[in-house]
Amino acid sequence: MPLRSLSEEEFIGRNPELTSLYNSASEAQQGRATSMFLSGPTGIGKTELLKQLFSRLFWQQNKVVPFFYTINPFFNSLRDFSADYLNKFIRQWLAFQKKDISIIQTNELSLERLKRCAEKSDAHWAVDIIGNFHETMISGNEIDLFFSAINVPELRYQNTGIPVIVIIDNFHKTKNLYGSHAEHSKNVWKLFEEPIKSRHTPHIITGNRGELQDMFFQQTSLGEVMELFEISELDKSNSLQLFTSLCESHNITVDAKGVILPFVDLFNSNPFYIKNFIQTARHAGKTLSWDNLWEVYFNEISSGKFHTFWLSRFKKNILRLDLRKVILEILYHLCSNGTPNTAAALARMFAVSTEDLNDIMNFFQETGIIEMNFSIFNIVQDRVLTDVIKVLYHKEVLGKALSTIEDELITDGYKKDLYKYVKTEERPLFEVTIPVIPKAELIAVNALEQIAKDQHIAAELIQQLNIALIDLFISIKPRKDKLYSGNFFLKFEHLEDTFTIDVKTPYKELISSTSIDALSENQLLRRYTDDIKIEETKNGIHITLIKKLKRDLLSAS
Ligand SMILES: Nc1ncnc2c1ncn2[C@@H]1O[C@H](COP(=O)(O)OP(=O)(O)OP(=O)(O)O)[C@@H](O)[C@H]1O
Ligand SMILES: [Mg+2]
């Protein structure tokens with residue numbers, strides 16, 4: 001793959017989006033393509049989708065050239081940025097034509113080397129472009145240089161009739177591009193307007209949703225000429241698939257499948273959260289229980305990756321230290337569905353000056369954690385984010401200990417509210433009540449046969465369980481000299497890799513030759529089961545026979 005991206009099997013549930021984007025190639029050929037603003041919450045998979053698009057365009061067709069560019073915030077001059085843009089464009093074009101990815105996968109950025117590479121490929125057009133670029137560079141006009149670089153896909157189309165799909169990730173970072181005379185070259189990114197309008201070299205642009213909305217709809221009217229392509233969360237079944245396939249690839253088993261569901265909901269089917277959660281969870285053990293998973297989750301939101309991820313965004317965007325506390329208070333207020341939620345009312349409620357309010361609004365805009373309707377705010381639908389805010393608020397504003405916060409949020413909150421997922425998880429479980437009568441064992445064995453067959457337990461295992469159950473009943477028969485009323489309670493349970501039989505007697509005395517100790521020594525029971533548990537209850541004895549189901553002995557259904 002030209003860019004480091006997931007394999008086709010690892011990339012889950014985005015085929016409709018990928019196909020729809022791929023179709024822009026044929027639109028570009030017909031000269032009726034429109035540039036797109038690919039918008040979606042953090043971590044939803046925008047970058048990955050575009051990498052997959054690039055790969056598909058690179059390998060599966062020959063008519064439209066794909067160009068993928070990620071804006072790097074570390075360029076400190078327009079010249080460097082422009083040279084890099086040109087370099088990558090030419091290399092990707094040559095690589096595409098020769099289907100040779102080694103041309104792209106180089107760290108070589110000098111124009112001299114690029115020229116040599118073009119000469120080697122007999123790409124005279126590229127040599128000319130590099131020559132012109134070099135001249136503009138010498139003449140010193142950075143803005144012209146910048147424009148010539150970002151316009152080169154269109155120029156190529158005009159000279160060759162070959163369309164280009166320009167894919168730009170992290171476009172919001174173009175805001176930080178300045179020339180050496182900052183005052184003249186501020187907002188140089190707006191020069192993208194012309195290339196973006198091209199019908200043969202459509203630009204598919206993504207990046208931070210909040211900042212791009214501001215750039216395309218407030219600062220310019222570019223949004224009007226672009227198609228808005230909204231990426232929503234993966235659907236439930238795809239998220240589950242992602243969750244389980246990641247567990248498998250990390251060799252993790254989860255106690256019961258049902259416990260995954262609340263986490264898929266919690267992560268709002270966001271691949272970034274799912275992936276990172278499982279990467280952390282794998283350190284907690286190979287088999288994870290409901291409790292383990294919540295422990296991992298709390299660590300993630302209080303000190304782990306989720307916490308660090310959001311905290312670094314907050315810090316980056318709240319430059320004024322004095323505003324951090326009040327912003328946290330406002331965010332907590334919004335997380336708790338508090339009203340009011342208009343700017344002016346919030347400012348009054350939290351005693352914020354008009355000047356501070358402006359800075360706060362900028363913060364909201366840039367982090368994209370607030371959805372601004374016409375006049376009211378709402379925090380975005382992201383449970384992880386709201387939990388990070390809750391933990392921060394309880395810790396930093398209310399001064400609570402992390403253990404207290406964990407008790408409130410997890411033990412008394414999520415775990416209680418979501419317990420139904422663990423409880424109602426479908427486990428095949430059958431209960432049978434048999435009166436204490438002679439030959440009760442025959443009824444028990446009959447029931448076992450039926451249930452085990454329905455559960456597709458292998459015949460060989462059923463036979464062994466039958467012998468064990470009959471022998472158990474013989475051992476727990478009531479004393480002949482006593483009359484007993486009451487019932488045996490039997491429970492058969494089929495778990496993923498075990499079959500268990502629970503038997504409860506309504507009396508404690510066993511036939512004279514058998515004591516509880518003798519029961520646990522019973523050779524037949526030992527031979528035909530993998531584990532036996534025996535305990536006295538208030539009114540009787542509770543015996544559990546456990547049989548392991550080896551995969552190869554599970555009969556085919
Ligand atoms: N459909 C998918 N199947 C499997 N993994 C995915 C899928 N989409 C994204 N991922 C993985 O999830 C993580 C987050 O995806 P990505 O970086 O593309 O999100 P993003 O929307 O670009 O986030 P940001 O807004 O922060 O740039 C990455 O590790 C990516 O490989
Ligand atoms: Mg991204």
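# Reading a predicted protein model: surface, strands and loops

Modeller: The protein exposes about 27600 Å², and carbon and sulfur atoms supply 49% of it; accessible areas come from the Shrake-Rupley method with a 1.4 Å probe, and for residues only the protein chains shown count as cover. This is a predicted model, in which local features need pLDDT of at least 70 and side-chain atom pairs count only at pLDDT 80 or more, while totals for chains, interfaces and linings use all residues. Residues are numbered from 1 along each chain as its sequence is written, chains are lettered from A and ligands numbered from 1 in the order in which they are written, and side-chain values use heavy atoms, with hydrogens and water left out.

Colleague: What radius of gyration does the protein have, and what would a compact globule of 557 residues have?

Modeller: The radius is taken over C-alpha atoms, and the globule rule is 2.2 Å times the number of residues to the power 0.38. For a compact globule of 557 residues this would be near 24 Å, but the protein has 33 Å. Along the principal axes, its C-alpha atoms fill a box of roughly 115 × 65 × 35 Å.

Colleague: How many helices and strands make up the secondary structure?

Modeller: Helices (H or I, at least four residues) and strands (E, at least two) are DSSP runs, numbered from the N terminus. In the protein there are 27 helices and 14 strands.

Colleague: Is Thr498 buried or exposed, and which residues does Thr498 touch?

Modeller: Buried means under 20% relative accessible area, exposed over 50%, and partly exposed in between (1.4 Å probe, protein chains only). Thr498, found in strand β12 (residues 498-504), counts as buried because its relative accessibility is 15%. A contact means heavy atoms within 4.5 Å. Leaving aside residues up to four places away in sequence, Thr498 touches Glu493, Ile546, Lys547, Lys548 and Leu549. For the protein, 50% of the 557 residues count as buried.

Colleague: What share of contacts in the protein between residues at least 6 apart in sequence join residues at least 24 apart?

Modeller: That share is 73%.

Colleague: Where is Pro438, and how far apart are the C-alpha atoms of Pro438 and Pro478?

Modeller: Pro438 is in the loop between β10 and α24, and at 69% relative accessibility Pro438 counts as exposed. The C-alpha atoms of Pro438 and Pro478 are separated by 9.5 Å, although these residues are 40 apart along the chain.
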